[in-house]
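Hi,

Here is the structure I promised to pass on. Have a look at it first, and then read my notes below.

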Amino acid sequence: MILATLLVAGFVAPAHAQMPCMDHQKLVADLGKKYNETKQGWGLGANDYLYEVFSSPGGTWTFIVTVPGGPTCLMMSGQHWDSSKEPAQAKNAARTSAPM
């Protein structure tokens, strides 16, 4: 669900660094070392592309894609990661709705 939402949102320029593509192990190590991010989820897309989401306790997040046999590219990143099961708007709407 999260990956589908990210894909629908579209791709934007990476905010973390000026390193759009590199070796997978190096990119993952850099995310951990520089931003304290760990993998939160992954999925396979069309053509067996590997999509991964990383986030940190501080709320930063990064979305990367790896081409089979090729490089890993940092596709988008941001702040205010929330690992709850539903969007804040839905939680707020549920609290303010009057019972029928």
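**What I found**

Let me start with a turn: in the hairpin of S4 and S5, with five residues between the strands, Gly69 takes a positive phi near 75 degrees. Strands here (E, at least two residues) and helices (H or I, at least four residues) are DSSP runs, numbered from the N terminus.

Before going on, a word on the source: this is a predicted model, where local features need pLDDT of at least 70 and side-chain atom pairs count only at pLDDT 80 or more, while totals for chains, interfaces and linings use all residues. Residues are numbered from 1 along each chain as its sequence is written, and side-chain values use heavy atoms, with hydrogens and water left out.

**The overall layout**

The protein chain has three helices and five strands, and along the sequence they follow the pattern α-β-α-β-β-β-β-α. The five strands form an open sheet with antiparallel pairing, in the order S1-S5-S4-S3-S2; two strands pair if DSSP finds at least two bridges between them. S1 and strand S2 (38–44) are the edge strands, each pairing on one side only. Helix H2 (residues 24–35) packs on the sheet and touches S1, S3, S4 and S5. The direction of H2 makes about 175 degrees with that of S4; axes are lines fitted to C-alpha atoms, for helices over the stretch in contact (heavy atoms within 4.5 Å), and angles run from 0 to 180 degrees between N-to-C directions.

**Around S5**

How much of strand S5 is buried? Six of the seven residues in S5 (residues 72–78) are, where buried means under 20% relative accessible area (1.4 Å probe, protein chains only). For the protein chain, buried residues make up 31% of the 100 residues.

S5 runs antiparallel to strand S4 (residues 61–66), with six bridges joining them, and Ile64 has Leu74 as its bridge partner in S5. Strand S1 (residues 21–22) is also antiparallel to S5, through two bridges; there, Met22 stands opposite Thr72.

**Aromatic pairs**

There are two aromatic pairs in the structure. Rings of Phe, Tyr and Trp (its six-membered ring) pair if their centres lie within 6.5 Å; planes under 30 degrees apart count as stacked, over 60 as edge-to-face and the rest as tilted.

Tyr51 and Phe63 make a stacked pair, 5.8 Å centre to centre with 10 degrees between the planes. Tyr51 is in strand S3 (residues 50–55) and Phe63 in strand S4, so this pair ties together parts that are twelve residues apart in sequence. Tyr51 is buried at a relative accessible area of 14%, and Phe63 is buried at 0%.

Trp61 and Trp81 make a tilted pair, 6.4 Å centre to centre with 50 degrees between the planes. Trp61 sits in strand S4 and Trp81 in the loop between S5 and helix H3 (88–96), 20 residues apart. Both Trp61 and Trp81 are buried.

Best wishes

Technical notes: Buried < 20%, exposed > 50% of the residue type's maximum accessible area, 1.4 Å probe, protein only.
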